[in-house]
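Hi,

Here is the structure I promised to pass on.

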Amino acid sequence: MESMFDGATSFNSDLSRCLPTRNCMSQYNGVSLPTREPAQNPTEAPSMTSPPIPTSSDEDPPLLDDNLSLDPVSVVRTYDRYWIDRRSVQYTSGFKKEYDFALKKATRTNKVSSAIPLILRDMGPPPGSVFDPRVVWEKEKPAYLAKLKGEAAAALTPTGSTPAQRQPRAKTKKGSNKKATKAELIAQNSKRLEKKSHAKDSEKMENNNCLESLQNSTVETGVGKLQRMLKMLHITAAEFEAGGGAGEEEIFDILWALEKIPAFTQASEELALEKQRRKTEKKETKKNKEASSKSSSSKSKKSKSPVPALSENAEALKFLYESNDYKDSVKFARKLLQKRADIVNFQLTNMSDRLPPLSKYNRTFKLEEWQCQVLSAIDDKRSTIVSAPTSSGKTLLSTYTCANIDPSSTVLFVLPSEVLVWQVAATYYQFFEGNVTLCTDSIVFQDQGGKAQVYIGTPRALETALTKARGIAGQEMAGEREFMILDGGFSFAYLVLDEVHTLNGPEGDALQRIVRATNCPVLALSATIGNATQLREWFQLVRDEHLSIMGSFVIAGNRDEVLGVEHVARFINLQRYVVVKDATSSSTSLQKLHPVAAMTASRLSSTQDTSLISALSMTPGDLISLYHKMKEFPGLLCDEDSPDKFFFPQEGETSNKEKQISLPQTKLYENKLKELLIDFATSDPDNYENLRHSFDPPPLEKIDSLDISDELYGVVTELKEKKLLPAVAFQLSTFGAFHMFKTLLKSLEVAQNAKYPEFRNELRQKAKEKSQMRKVADGKAEKTNKKDGEDDAQAGFDEADMSLEDIFQPHPSFVLSPANSHLSLQEIKGIREAMEKAGEKLDENHALIRGLRRGIAIYTNEVGFACYRRQVQILSQRGKLAVVFSDEALAYGVNMPFRSCVFCGDMGPALTPLIAQQMQVSRSSP
């Protein structure tokens, strides 16, 4: 810290060096603020009572005084509170070679580029896991606007051609041939590209015979998609018939996804009509055979009607059917589905994680009413306060603000934590691939190449960086642009506030000042707003003040009316479990915990706990078990309350395509059962309590969070067996989170040594053999005498050879991540090199590195090891980690691909209902 104070004293007494520059913007987008004036003498304090700077000026202040002599130390130093080695976020992208003819000497200079874009690219969500609101909104916007306008829009739309509409056509008739030729060329090029893409897809599908590989593969054409789905169904059906791994739920999931492809449906109908036509022709030929034999003259022959040609998709499907056994697989899957009489019960029990939109084969995104309302408000540049549950897509909607502004403008995105900053920045970068500026307490970055599209940071760090209270510094003092110091100013086109309820948090004061300093529309997002109306009124007051200061009178036609959007339905499909310990064997097991067990009759029948009842979410498995329990009480249910009648109320046979139910439909059934439960608890509380107690878990023992070490390994092992990994394990104490991490790592290593005690020696022996083989290949193993041969044999494996072989790899049986996601030696080396570059040097035997190799990591709010935390985020997005331990760092609004959430022991009053709810939705995988 001495250098910090030494650098500060290098400023002389002339306070003009601390004045705001043109980038500092003393006026916040037209909102005039008092600015500092240079003191008249060195000892006089600067005045804060100077008149406001006008909103327009003919001349901009100079960036630097031309006569100002700069101290060399001041130029190279950065006077800011963000202290990080810039080399840790840079990489050598090439070199520049110059030749000095006077000195007759060539110089070579390395080109250095920022590594932040590469980090954001690697940290982005997997392709297809999130939807781009621009694409979806472009498709659904016309229908939504037409719905709002209703009959008025239909009345305004012309129903027929008018002479005025025909006149332009008559004028352009002369050049119609030229336009047709151009259209033909475009069609030919499109057909040629499609044919090339089809050949590429066919080659890819022919060489791919693994179900998991096909699931992760991508195709470019509609025919390729058909071939991919048919091949996956063929592989799954073959495995099921052979008694292998695939089950009925996998077959049904693929079949339903296949039948929802329009190209497959249309092609199947065409092939069915062609088959029927051939049968009809065959019958007619047989029937007229005798008549045709009696008269062979041409007059008696009837001309055949022209046969309609098959479409391209139908021809492709016909070829796939004829060249493979795909048709038999489709028939087998359909017959299997028809035989399943309890298809609704089967879906609710066995396919709760596959119901649309959770199906990995049919993952489509359709905007809900409230989402369309928010996107429409962004189109109108209207301030909006959104209150919607976590994991409902609020943050993704906010990315649309970047697509809806002028390319030269910028969006300011304020988030409460650093992990959220990196996550949102990666999402923005994936969608727009433009300049993204980051600003947190540990790092500040802006691209020196151009203007950023979006500023993303935490409140206090952004406020400090944008106000530039410390004036110019570092390279700015030489007239250059600092890539680790922001330009400053509050001129933004849109302000996005995620987790806006943090206005009451530790940095709420900074957040409020940012809101008042930015004169632009606001999009405020939160999952928990207790006073949404009061918050909307406060934002309305601020927007009115902005317009008043700008000279615009707040009238009905000119007012930025702040819109309030509230969505209460919680989209969570999270099955709850509780760890039960056997008193005799000391083993642990996971048992389902039904949410009804926590709802007493008095709480359920109380009108004051309506929000709690609405937040009482149930999984499809919870619903079917609740229905069967409610059937045990006479008169509680009727025939219409059964799942079969609810999901398929129409009488008669239902087609296979219509037998699939969706997760939103189960939410409607959940509301129906809740209404029956409320009536039951009100009218017969005693019997309701009997129903509730039937869901009670076994007796539980309260254990301190640090005393669950013995159970942790068994719980994680069972999660792996039930395919419930990856998981995030929370312990609000940072020390406790590290303790859990070390405990699980030690348990894995001890278990491996007990089962495979010679595994490490075997790796070293194989490495020695490979080392000796390399020496033989290089001609270095020839010996002149026996003694030299013995000495060299003893030194056949040295430290240099250790870097070539992976002798520290764990046994695959004791790695928690999937087999195809184990970290290789090269990946570990890359992680260690990145950390060493950031000043976080670790050897291969460090606990953090050993943990990564076994698929476990830790993410806490510690100041150090920032590069390690970024690596954890990247590896989690890639599916390389199975268990991540964390304190509250990953609790608020973080959306990462975790399948399960684990609460490690009793965390006392620190575990509030809000934090618990946020923790449960910090995972995004179904």
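How many residues does helix α31 have, and what distance does α31 reach from its first C-alpha to its last? Helix α31 (residues 759-777) has 19 residues and reaches 27 Å, close to the 27 Å expected at 1.5 Å a residue (the expected span is 1.5 Å times one less than the number of residues). Helices here are DSSP runs of H or I with at least four residues, strands are E runs of at least two, and both are numbered from the N terminus.

Before you go further: this is a predicted model, where local features need pLDDT of at least 70 and side-chain atom pairs count only at pLDDT 80 or more, while totals for chains, interfaces and linings use all residues. Residues are numbered from 1 along each chain as its sequence is written, and side-chain values use heavy atoms, with hydrogens and water left out.

Back to α31. Phe759, Leu763, Ala767, Ser771 and Lys775 are buried in this helix (buried is under 20% relative accessible area, exposed over 50%, partly exposed in between, with a 1.4 Å probe and protein chains only). They sit on the same side of α31, because they cover an arc of only 155 degrees around the axis (taken from the directions from the helix axis to the C-beta atoms). On the face turned away from that buried side you'll find the exposed residues Lys766, Met773 and Val776.

Next, the sheet. Four strands make an open sheet with parallel pairing, in the order β14-β15-β13-β16 (two strands pair if DSSP finds at least two bridges between them). β14 and β16 (900-903) are at the edges with a single partner strand each, so one side of each has no neighbour in the sheet. Further in, four bridges join β13 (residues 727-730) to β15 (residues 883-886), and alanine 729 stands opposite phenylalanine 885 in β15.

Elsewhere, proline 664 lies in helix α27 (residues 663-683) and is partly exposed, at 44% relative accessible area. Proline 664 touches Pro356 and Pro357 (contact means heavy atoms within 4.5 Å).

As for confidence, the protein chain averages a pLDDT of 75, and 73% of the residues score at least 70 (pLDDT is the predictor's confidence in each residue, from 0 to 100). Over residues 151-179 pLDDT stays under 50. Where pLDDT is low, the predicted coordinates should not be read in detail.

Cheers

Key
Lists of a residue's contacts leave out its neighbours within four places in sequence.
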